[in-house]
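Here is a short tour of a protein model, written to be read with the structure open beside you. We start with the overall picture and then move to helix contacts and a few individual residues.

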Amino acid sequence: MATTADLAIIRNNFSLSTWLLLGAFIQSLIFAILPPRVAVLPPMCLLTLILAKNLLITGEYLTNPYLAAAYRGKASAPLREDAEGGDKVAVFILGASSNHPLGVFAPGFSDIRPYLQSMWAEAEADPVNSGLIGKSTSFIPLPTSPASSGPAIVTLSYWKSIGHLHAFASGPAHRNGWEWWASNARK
């Protein structure tokens, strides 16, 4: 029997458009073989089951499988003081993901956006004093597993020093975002 890892390899090997075309081809074959009223039943039943499951998880009637392997704490990389080369740069990764069946469309997840915008606006308003060298924000697909429900929003930022990064982390905008996240992350 195929393992979850095997299925993930197969699934990730093909693009979404390939899977959609394969599904359309199979559905066309079903329509060619069966009467239309019967042929429409498999996708309708599958869609109904998926929607019902997501509603039951959202209503907390079923255990949320997206939280099974979720790390519910903070993570950081160790600081290397022995870096070779010229100037040292602090790199900070700030990210958020949703462990909900609806992913980034989960109720309340969009509430993080103003906090993220505020903290980056604060750092970008005076990059000389804040020490922000630059940043890049992306949506990164999480590894395929039952715990991943969609992409993570990740900002990779570069700072002149650890001191500048600590000042950013202690600033009012970041503290407000951090406090909001701490009080809402487990919902």
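## Ground rules and overall make-up

Helices here are DSSP runs of H or I with at least four residues, strands are DSSP runs of E with at least two, and both are numbered from the N terminus. By that count, the protein has eight helices and three strands. Their order along the sequence is α-α-α-α-β-α-α-β-β-α-α.

Please keep in mind that this is a predicted model, in which local features need pLDDT of at least 70, side-chain atom pairs count only at pLDDT 80 or more, and totals for chains, interfaces and linings use all residues. Residues are numbered from 1 along each chain as its sequence is written, and side-chain values use heavy atoms, with hydrogens and water left out.

## Confidence

The predictor's confidence in each residue is given as pLDDT, on a scale from 0 to 100. For this protein the mean pLDDT is 80, and 76% of the residues reach 70 or more. Among the elements, helix H4 (residues 41-58) has the highest mean pLDDT, 90, while helix H1 (residues 4-13) has the lowest, 66. Where pLDDT is low, the predicted coordinates should not be read in detail.

## Burial and contacts overall

The protein has 187 residues, and 21% of them count as buried (buried is under 20% relative accessible area, exposed over 50%, and partly exposed in between, with a 1.4 Å probe and protein chains only). A contact means heavy atoms within 4.5 Å. Of the contacts with a separation of 6 or more, 65% are between residues 24 or more positions apart.

## Helix H8 and its two partners

Axes are lines fitted to C-alpha atoms, for helices over the stretch in contact, with angles from 0 to 180 degrees between N-to-C directions. Angles under 35 degrees count as roughly parallel, over 145 as roughly antiparallel, 65 to 115 as roughly perpendicular, and the rest as oblique. How do H5 and H8 run relative to each other? The axes of H5 (residues 112-125) and H8 (residues 172-184) come within 8 Å and cross at roughly 160°, so the two helices are roughly antiparallel. On the H5 side, the contact is made by Ile112, Tyr115, Ser118, Met119 and Glu122; H8 contributes Pro172, Ala173, His174, Asn176, Gly177, Trp180 and Trp181. By class, these residues are seven nonpolar, four polar and one charged (nonpolar covers Ala, Val, Leu, Ile, Met, Phe, Trp, Tyr, Cys and Pro; charged covers Asp, Glu, Lys and Arg; the others, Gly among them, are polar).

H8 also meets helix H7 (residues 162-170), where the axes come within 5 Å and cross at roughly 60°. That angle makes H7 oblique to H8. Phe168, Ala169 and Ser170 of H7 make this contact with Pro172, His174, Arg175 and Trp178 of H8, a set with four nonpolar, two polar and one charged residues.

Glu60 sits in the loop between H4 and strand E1 (90-96). Its phi is near 65°, a positive value in a residue other than glycine. Most residues other than glycine have a negative phi. Glu60 is exposed, with a relative accessible area of 68%.

Gly103, in the loop between E1 and H5, is buried at 3% relative accessibility. From Gly103 to Tyr66 the C-alpha to C-alpha distance is 9.4 Å, across 37 residues of sequence. Gln27 belongs to helix H2 (residues 16-33). Beyond its neighbours within four places in sequence, Gln27 is in contact with Ala39 and Pro43.
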